Amino acid sequence: VELEGEAYFKVARDKARPFIVKHHETMTQALGTEFNIRSYPGGRKHVTLVEGSVMVSDTLSSRQQLLVPGQDMEYDSLSNVVIKEVNLREFTAWTEDLFYFEQTKLLDIMQILGRWYNVTVVFRDEEAESYHFTFWAERTGTLEEAVEQLNQIGAVKVSIDAAKKQVVIKKR
């Protein structure tokens, strides 16, 4: 499978027919497992293991990494890699039609919301980009509902400019 975007896989082990996902310069081989891959153009990439095991290979450097359940491998376009234990809910909630973020930078939250609602996100204050929030919302909800929930947190003022298809964020 070749992937650009995000997908959740449940794969049965079959040594005779390995299941491989190609995403940018990386390949993930399932070894009987459940895992999530987030691989959007221009963003950081993630391979998150829910159960079983996967082997992640960088085709540029020939580096390989075996992940264990609960680990996320995050990498960028320069093949810089960070592997850490994560709250799996943050990477799988979308399969239940939820946005779920736990102490996540507002910039990262807004990139995902902007992509989902097809709007441009504009920060009027760079400091607000690095604020961290715990936030969840239903993906089936409207942009207005998500913005209202963000405004209830109180640290930023989020508004929608419908004419420009933008969400604008300022510090309070």
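User: Which residues form the negative surface patch, and how should I read such a patch?

Analyst: The general idea is that a charged patch joins like charges within 9 Å, taking residues with over 30% relative accessible area and no salt bridge, while nonpolar side chains (Val, Leu, Ile, Met, Phe, Trp, Tyr) are joined within 5 Å. Asp and Glu count as negative and Lys and Arg as positive, with His and the chain ends not counted, and each charge is placed at NZ of Lys, CZ of Arg, CG of Asp or CD of Glu. In this structure, Asp97, Glu138, Glu144, Glu145 and Glu148 make up the negative patch, and helix α4 (residues 143-153) supplies its largest share, 3 residues. Bear in mind that this is a predicted model, in which local features need pLDDT of at least 70 and side-chain atom pairs count only at pLDDT 80 or more, whereas totals for chains, interfaces and linings use all residues. Residues are numbered from 1 along each chain as its sequence is written, and side-chain values use heavy atoms, with hydrogens and water left out.

User: Is Glu144 buried, partly exposed or exposed?

Analyst: Accessible areas come from the Shrake-Rupley method with a 1.4 Å probe, and for residues only the protein chains shown count as cover; buried means under 20% relative accessible area, exposed over 50%, and partly exposed in between. Glu144, which sits in helix α4, is partly exposed because its relative accessible area is 49%. Across the protein chain, buried residues account for 42% of the 172 residues.

User: Where does Asp97 lie, and what is its phi?

Analyst: As a general idea, most residues other than glycine have a negative phi. Asp97 is not a glycine, yet it has a positive phi of about 60 degrees; this residue of the negative patch is found in the loop between α1 (89-92) and β8 (98-105), and its relative accessible area of 41% makes it partly exposed. Gln103, which lies in strand β8, also has a positive phi, of about 45 degrees, although it is not a glycine.

User: Which residues form the positive surface patch?

Analyst: The patch is read in the way already described, and here its members are Arg124, Lys157, Lys164, Lys170 and Arg172. Taking one of them, Lys164 belongs to the loop between β11 (156-161) and β12 (166-171), and it counts as exposed because its relative accessibility is 56%.

User: How many helices and strands does the protein chain have, and how do I read helix α2?

Analyst: Helices (H or I, at least four residues) and strands (E, at least two) are DSSP runs, numbered from the N terminus, and the expected span of a helix is 1.5 Å times one less than its number of residues. The protein chain has 4 helices and 12 strands, and its C-alpha atoms fill a box of roughly 55 × 30 × 30 Å along the principal axes. Helix α2 (residues 106-117) has 12 residues, and the 16 Å from its first C-alpha to its last is close to the 16 Å expected. Its buried residues are Leu106, Asp108, Ile109, Met110, Ile112, Leu113, Gly114 and Tyr117, and just after the helix Asn118 takes a positive phi of about 55 degrees.

User: How many salt bridges does the structure hold, and which residue forms a salt bridge with Asp108?

Analyst: A salt bridge is a side-chain nitrogen of Lys or Arg within 4 Å of a carboxyl oxygen of Asp or Glu, and the structure holds 8 of them. Arg44 is the partner of Asp108, with the closest N and O atoms 3.0 Å apart; this pair links distant parts of the chain, Arg44 being in the loop between β3 and β4 (45-58) and Asp108 in helix α2, 64 residues apart. Arg44 counts as partly exposed at 40% relative accessibility, whereas Asp108 is buried at 16%. Salt bridges that share partners join Arg44, Glu74 and Asp108 into one network.

User: Are Arg38 and Glu6 buried or exposed, and what of Arg17?

Analyst: Arg38 and Glu6 meet in a salt bridge (3.3 Å, N to O), which links strand β3 (residues 26-39) to strand β1 across 32 residues. Arg38 counts as buried because its relative accessibility is 13%, and Glu6 counts as buried because its own value is 18%. Arg17 meets Asp14 in another salt bridge (2.8 Å, N to O); here Arg17 is exposed, with a relative accessible area of 62%, and Asp14 is partly exposed at 27%.

Notes: Buried < 20%, exposed > 50% of the residue type's maximum accessible area, 1.4 Å probe, protein only.
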